[in-house]
Amino acid sequence: MTDSSPEEVEADVSRFIEEGANWFIFTTGTGFKAMYQAAERMNVVQAFEEKLREAKIACRGYKTNAFLKKSGVHPVVCDDDGTIASMIDKLQVFDMKDQRVWIQLHGELSNQLFQFIKNKGGLDVQTVLPYRYHAPDRETLVQITEELIEGKVDAVCFTTRVQVNYLFEYARQVGQDEKVKTAFEQKVLAAAVGKVTF
């Protein structure tokens, strides 16, 4: 994972302060923290928090909720299980027709939430991507794939869904996906942090 450039995040914060929003949807605590730190660097925390309090806030995940509350921002919608699907389910009851909605994405461009807001009639949907995921270097993928197949690994703990995607995408590219899958089914314990990863 790498942060977007400070200038990019600061530009997003400035635009939000200038334009405001009817809704701001935060999907990670890390994303909110990056925006808050940008506001601190720019000495506009008060204006940032005021604009957040003027908007309806939705959040995914207990960490995100904790970061928001620490800043005095109380979401009107929080998911039940850390998933985008749960948050979308809770947002169904709200009218978003002709409203300006900001979405803080998490690590990768995602269509699900964006499409949901558009389908609800959101007039102006802005996305913020304070950090991005990058695939591990090829050497790392080669090593973990070989160690899984050869039984040199007893367990793997995945902390994000995208890590699972990177591993299996590489395994498919080199024709080893069935062997990796078999390793997890027969020899290697797969652990997941959070329902989204699971």
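This is a predicted model: local features need pLDDT of at least 70, side-chain atom pairs count only at pLDDT 80 or more; totals for chains, interfaces and linings use all residues.
A disulfide is a covalent bond between the sulfur atoms of two cysteines. For a pair to be counted as one here, the two sulfur atoms must be within 2.5 Å. Cys78 is therefore in no disulfide, since its nearest cysteine sulfur, that of Cys59, is 3.1 Å away. A search of the whole structure likewise finds zero disulfides.

Is Cys59 buried or exposed? Cys59 is buried, with a relative accessible area of 0%. Cys78, by contrast, has 24% relative accessibility and counts as partly exposed.

Cys59 belongs to strand S3, residues 56-59, and its bridge partner in S4 is Cys78. Two bridges join S3 to S4, and these strands run parallel.

Now extend the selection to the sheet. Strands of a sheet pair through backbone hydrogen bonds, either parallel or antiparallel. In which order do the five strands of this open sheet stand? The order is S4-S3-S2-S5-S6, with parallel pairing. Strand S4 (77-78) and strand S6 (124-128) stand at the edges; each has a single partner strand, so one side of each is left without a neighbour in the sheet.

Move to strand S2, residues 23-26. S2 pairs with S3 in the parallel sense over four bridges, and Phe24 stands opposite Ile57 in S3. S2 is also joined by four bridges to strand S5 (residues 100-104), and these two strands run parallel. Here the bridge partner of Phe26 is Gln104 in S5.

Show the side chains of S2. In a regular strand the side chains alternate between the two faces of the sheet. In S2, Trp23 and Ile25 are on one side, and Phe24 and Phe26 are on the other. These four residues are all buried, and both faces of the strand are covered.

Helix H2, residues 29-41, lies across S2, S5 and S6 and runs at about 120° to S2. Helix H4, residues 62-70, also packs on the sheet, where it touches S2, S3 and S4. The direction of H4 makes about 145° with that of S3.

Then select helix H8 (residues 161-173) and helix H9 (residues 177-186). Their axes come within 7 Å and cross at roughly 135°, and the two helices are therefore oblique to each other. Which residues of H8 meet H9? They are Leu167, Phe168, Ala171 and Arg172. On the side of H9, the residues they meet are Asp177, Val180, Lys181 and Phe184. By class, this contact has five nonpolar, no polar and three charged residues.

Finally, select the whole protein chain. How many helices and strands does the chain have? There are nine helices and nine strands. Along its principal axes the C-alpha trace spans about 55 × 35 × 30 Å. The chain has 198 residues, of which 42% count as buried. Among contacts between residues at least 6 apart in sequence, 71% join residues at least 24 apart.

Methods:
Residues are numbered from 1 along each chain as its sequence is written. Side-chain values use heavy atoms; hydrogens and water are left out. Buried means under 20% relative accessible area, exposed over 50%, partly exposed in between (1.4 Å probe, protein chains only). Two strands pair if DSSP finds at least two bridges between them. Axes are lines fitted to C-alpha atoms, for helices over the stretch in contact, and angles run from 0 to 180 degrees between N-to-C directions. Angles under 35 degrees count as roughly parallel, over 145 as roughly antiparallel, 65 to 115 as roughly perpendicular and the rest as oblique. Contact means heavy atoms within 4.5 Å. Ala, Val, Leu, Ile, Met, Phe, Trp, Tyr, Cys and Pro count as nonpolar, Asp, Glu, Lys and Arg as charged, and the others, Gly among them, as polar.
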